[in-house]
Number of protein chains: 2
Amino acid sequence: MTHGGPSASGYRVGSELLVRSIPGLPTIEPGADLCALIGSAIEAAGIELVDGDILVVASKVLSRAEGRFVDLGAIEPGDEALTLAKEVDKDPRLVELIVRESLEVSRKATGALIVRHRLGFISANAGIDASNAAPPDADSSTGPWVLTLPTDPDRTAAFLREELSARFNARIAVLITDSWGRPFRRGTVGFALGVSGLPPVWDRRGSFDRHGRELEATESAVADSIAAAADLVAGQADEGRPVTLVRGIVFPCSEEGADALLRDPKQDLYA
Amino acid sequence: MTHGGPSASGYRVGSELLVRSIPGLPTIEPGADLCALIGSAIEAAGIELVDGDILVVASKVLSRAEGRFVDLGAIEPGDEALTLAKEVDKDPRLVELIVRESLEVSRKATGALIVRHRLGFISANAGIDASNAAPPDADSSTGPWVLTLPTDPDRTAAFLREELSARFNARIAVLITDSWGRPFRRGTVGFALGVSGLPPVWDRRGSFDRHGRELEATESAVADSIAAAADLVAGQADEGRPVTLVRGIVFPCSEEGADALLRDPKQDLYA
């Protein structure tokens, strides 16, 4: 074989994929031991994790466990936020928080503020969630409350992967996901915010068709595709099922994080 | 219940999704009866389609069945294509074909030509596939050959849905899909090019969280998420498995096509 080479070439397409939500997880409170709760829910569902299983965890439960609630009532918008808020017609306190969570503004229009999040990806409102976002002990004199994205999804993915691999004696991978809108197309789809244990991008350079021509689309965003699949069973509100098991993909081990999915802005014709 | 209302509110999140590629499909030749071949492959695999099943078909097999092969050697580039080809450093004959398949150029740079396809969506090179694209009877004095996208994916999806629903006596939905790159993010994911029988977008306006706040992300691009999930088992080259069964999503009947997934360019901050 003269093909080979790329680091993520060990992916294999299975013929059957199972996407199964894990029931029984309680509402996650700040300080919760997410790892123990997920492990117990998996066991309580009678599921035995095996080598190659992928656990997909909605970022919202990380945010809640990390206590990433913010009381907008306690936020003092700065000059930049005040100007921007007027321009896009949004709550200046929310805009101040979006600015703090972001590296730069990508696009703005009335009602819309799309930014590059501090973690590097582009999203509306820096991924801040304003639905059902009050902490459990919130005083009625506080708020409105919102929930910001978790601090370091790659690190939490790596921690969950290590702990749950040990608990189930299985080599698993973990994705932390959210769902967002996109340019050009209506509706939200799932994306990978944090990755541990599988190559986020399947680099197929070096793959040839049967006439010996190199395949054109040579990189598959496997982690994002898995996130989109899990989103189909995960639901959306807190009543949703934030942990999903995906079984049936053969992948090589990898220590790459979710930033492998980010296009270099210099190479991005829409940046 | 005072929620309800939107046309696509009948979706229900299942707890388990099965994504299974259908084996045994031959290489599709121009003029092939795709419907009969897919039906026979499903039966030969011992699968019985049931109400609510979703069949996902890679657009490439439609293109092949429709004979959408184009011999670049027989193409005479016009002035617009010649100028554009110089600008982006691509084969002027390929650029001529891209222009013919497109409504407008969205972005251009060396090696990259991103257009709005005649079907309305944004994609690189108008989705033209240059790998493994020669028709079976191609003379060695012809070519290079490329394969353009199918003529009317929604219509073919509707035809396959009607015929296969009758054959299996089951109410199914059909998606026609392809995979493309995206702004901001590396790697390709699956998208829906043609839709019949399910609402492409799950309109969740009117859904409330348990504190009575309306959910923020109110539209899920279900058809694109299913396409992304199917892409994980479909492979990519002709050796891939172009038909996938997705089972486990409860959806309301719909006659909407894939254009329901297109964001109005006037509302698109990246247009």
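These legends describe close-up views of a predicted model.

**View 1. The nonpolar cores.** The largest nonpolar core holds 100 residues. Those with the most contacts inside it are Leu175(A), Ile226(A), Ala229(A), Leu175(B), Ile226(B) and Ala229(B). Leu175(A) touches residues including Ile54(A), Val56(A), Ala157(A), Ala192(A) and Ile226(A), leaving aside those up to four places away in sequence. Another core, of 50 residues, lies apart from the largest one. Among its members are Ile98(A), Val99(B), Leu119(B) and Phe121(B). In soluble globular proteins, nonpolar side chains tend to be buried together.

**View 2. Strand S12 of chain B and its partners.** Strand S1 (residues 16-21) of chain B runs antiparallel to S12(B), joined by 4 bridges. Val19(B) has Val246(B) as its bridge partner there. Strand S2 (residues 54-58) of chain B also pairs with S12(B) in the antiparallel sense, over 4 bridges. Here Val56(B) stands opposite Thr244(B).

View 3. The bond from Gly143(A) to Pro144(A) is cis, with omega near 0 degrees. Pro144(A) sits in the loop between strands S6 (122-124) and S7 (145-147) of chain A. In chain B, a cis bond joins Gly143(B) and Pro144(B). Pro144(B) lies in the loop between strands S6 (122-124) and S7 (145-147) of chain B.

View 4. Most residues other than glycine have a negative phi. Phe184(A) has a positive phi of about 75 degrees. Its loop links strands S8 (173-180) and S9 (189-196) of chain A. Phe184(A) is buried, because 21 other C-beta atoms lie within 10 Å. Ala126(B) has a positive phi of about 55 degrees, in the loop between S6 and S7 of chain B. With 23 C-beta neighbours inside 10 Å, Ala126(B) counts as buried.

Technical notes
Residues numbered from 1 in each chain as written. Chains lettered and ligands numbered in written order. Predicted model: local features only at pLDDT ≥ 70, side-chain atom pairs only at ≥ 80, totals over all residues. Core = buried A, V, L, I, M, F, W, Y, C linked by C-beta atoms within 7 Å. Buried ≥ 20, exposed ≤ 12 C-beta atoms within 10 Å, placed from the backbone. Contact = placed C-beta atoms within 7 Å. Pairing = 2+ DSSP bridges. Helix = DSSP H or I, 4+ residues; strand = E, 2+ residues; numbered from the N terminus.
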